[in-house]
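Colleague: I would like to go through this chain with you before I plan around it. Please show me the sequence and the structure.

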Amino acid sequence: MVVLSSIDLAVIALYLIAIVAIGLWAGRGERDAADYFLAGRTLPWYLIGFSFFASNMSGASFVGLMGAAYSHGMVVFNYEWTATLVLIFFALFMLPVFLRTRLFTVPEYLEVRFDRRARWAYAGFTILTLMFIDTAGALYAGGIVISTAWPQVDLWQTSVALALLAGIYTLVGGLRAVVVTDAMQAVLMIGGAALIFWFGLDAVGGWEALTEGLTTAQLRLFKPADDSFLPWPGILGVILLGFYYWTLNQYFVQRALAARSLGEGRKGALFGGLLKLPNVFLMILPGMIAVVLLPDLDTPDRVFPALAFELLPTGLRGLILTALLAAIMSSLDSALNAAASLLTMDFVKPLRPNLSGRTLLAIGRGFTAVLIVSAALYAPLIERFGSLFQYFQSTLAYLVPPIVAVYLGGLFCARFTAAAAFWAIAGGLGIGAVLFLAKEITGTWDSLGLPPVHFTYMALGMFGIALLI
């Protein structure tokens, strides 16, 4: 059991108090739904960029990305640099369309371009992914780390506590509270991860000692086409998933929709993408350092807490745990606010268009409270998937390609019709769900003797099926 000093505990406690207080202060005086969900469309580029980064650098990144690097090596960085490429495309071609139509939510575009059926189908799907992938995944990551420090604390207890902490200021302050706290948390995350890298590289004996302690396969960025983790042609599948994750997910795009101008939104998206590139030092290399220093971990998801507790002196341990809490809180607040905005603006407002802004604000806060409880109860079930990184990637690969196909088709092909869009989403999600259950959950795929198919290839196949539909 890891023992935290009184200094470590004091650092953690001060952070929790400060971030909740700042979040409540930043979000004071929210008057209507536009204030609550889009911060009055007044966000500057630097807050947008930091919030993009902080929301992405969730518990899944701190815990899952380091764990994946521990298991598979440098190839994991392909998930980071491709995000920068996708965000450049988003800033140049997609964001101008979204801002010109004055969207509240990303699914709203589907009604503008196609019809309400497509909008509702995607909004419902996004709410489920925000609850059971983004929010629950962040809570699970927090539970993994906290249980390393306090084994007597159950995972469900940790999930409830973290959900309540992030929920307090999100419930009251809305998106403005989210982005202001995200900016602070981003700085703390970068600093915390840099400390892990610095102390880890020193402990292993420097760069040459690190490379000597790793195999050639672990140092390769690109793997053969039959690699079980990420074959090089599968990078196209990673880019495809990145389009959903970065450009069509309310979780991220909401802060760009709140930009004070197109120029601010574009600079914010590009800044967020630029911040992804140093992750090779902040996330990937620490996982590989752990291969040399801690070769016998029982699960890769414990790399981050193990490095923090093994390498860092008193006081800095508390700072690193605080960085993790910052990552988790930024993920939670973003997902909660995004899901509440979808429920309110994509379902309630179209059905009850005469409701006032204050009424929609109250409904959005009510939805936020329900989402907090639901995600906290579900989070412990993620443990069944083996690793957090596997849970995120394998789930998205089967479900999101049809969404990407419909959006890109709608943006760049005038021949796509409303009926085509709806059935591509509904049919694609249905086929994807059946394949996911058969291959990843029940084992039916293997029992039928079907050949193994990497999830990135499956994503490309689902994209093709949706285009055909």
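Colleague: How many helices and how many strands are in the chain?

Modeller: This is a predicted model, so local features are taken only where pLDDT is at least 70. On that basis the chain has 22 helices, and the number of strands is 0.

Colleague: What share of the residues counts as buried?

Modeller: A residue is called buried when its relative accessible area is under 20%. The chain exposes about 17,400 Å², with carbon and sulfur atoms supplying 68% of that area. Of its 469 residues, the share that counts as buried is 59%.

Colleague: Among contacts between residues at least 6 apart in sequence, what share joins residues at least 24 apart?

Modeller: A contact here requires heavy atoms within 4.5 Å. Among the contacts of the chain between residues at least 6 apart, the share that joins residues at least 24 apart is 86%.

Colleague: Are α20 and α22 roughly parallel or antiparallel to each other?

Modeller: Helix α20 covers residues 418–441 and helix α22 covers residues 455–468; their axes are 9 Å apart and the packing angle is about 150°. Angles over 145 degrees count as roughly antiparallel. Therefore α20 and α22 are roughly antiparallel.

Colleague: Which residues of α22 meet α20, and how does the contact divide by class?

Modeller: α20 passes α22 in a right-handed crossing. From α20, the residues A424, G428, I431, G432, L435 and K439 meet M458, M462, I465 and A466 of α22. By class, the residues of this contact divide into 7 nonpolar, 2 polar and 1 charged.

Colleague: How is α11 oriented to α19?

Modeller: The two helices pack at an angle of about 75°, and their axes are 9 Å apart. Angles of 65 to 115 degrees count as roughly perpendicular. That makes the orientation of α11 to α19 roughly perpendicular.

Colleague: Which residues make the contact of α11 with α19, and what is their class?

Modeller: The α11 side consists of L240, F243 and Y244, and the α19 side of P401, V404 and L408.

Colleague: How do α3 and α13 cross, and what is the make-up of their contact by class?

Modeller: The axes of helix α3 (residues 45–56) and helix α13 (residues 262–274) come within 7 Å and cross at roughly 35°. The crossing is right-handed. W45, Y46, I48, G49, F50 and F52 in α3 meet E264, G265, K267, G268, A269, F271 and G272 in α13. By class, the contact of α3 with α13 has 7 nonpolar, 4 polar and 2 charged residues.

Colleague: Is N249 buried or exposed?

Modeller: N249 is in the loop between α11 (235–247) and α12 (250–257). Beyond four places in sequence, N249 touches V106, Y122, T126, L130, D134 and Y244. Because its relative accessibility is 1%, N249 counts as buried.

Colleague: Is R102 buried or exposed?

Modeller: R102 is in the loop between α5 (78–100) and α6 (108–113). Its phi is near 55°, a positive value in a residue other than glycine. Since its relative accessibility is 54%, R102 counts as exposed.

Colleague: Which residues does Q218 touch, leaving out those up to four places away in sequence?

Modeller: Q218 is found in helix α10 (residues 216–219) and is buried, with a relative accessible area of 18%. Q218 and Y70 are 148 residues apart in sequence, but 9.0 Å apart in space, C-alpha to C-alpha. Leaving out residues up to four places away, Q218 touches G73, M74, M288 and V291.

Colleague: Which residues is E111 in contact with, leaving aside neighbours within four places in sequence?

Modeller: E111 lies in helix α6 and counts as partly exposed, at 24% relative accessibility. E111 and D346 are 235 residues apart in sequence and 9.9 Å apart in space, C-alpha to C-alpha. Leaving aside neighbours within four places, the contacts of E111 are R116 and R119.

Colleague: How far apart in space are G191 and I320?

Modeller: G191 lies in helix α8 (residues 155–204) and counts as partly exposed at 34% relative accessibility. G191 and I320 are 129 residues apart in sequence, and their C-alpha to C-alpha distance is 8.6 Å.

Methods: Residues numbered from 1 in each chain as written. Predicted model: local features only at pLDDT ≥ 70, side-chain atom pairs only at ≥ 80, totals over all residues. Heavy atoms only, no water. Helix = DSSP H or I, 4+ residues; strand = E, 2+ residues; numbered from the N terminus. Buried < 20%, exposed > 50% of the residue type's maximum accessible area, 1.4 Å probe, protein only. Areas by Shrake-Rupley, 256 points an atom, 1.4 Å probe, with all protein chains shown as cover. Axes fitted to C-alpha atoms, helices over the stretch in contact; angles between N-to-C directions. Parallel < 35°, antiparallel > 145°, perpendicular 65-115°, else oblique. Left-handed = near helix turned anticlockwise from the far one by under 90°. Nonpolar A, V, L, I, M, F, W, Y, C, P; charged D, E, K, R; others polar.
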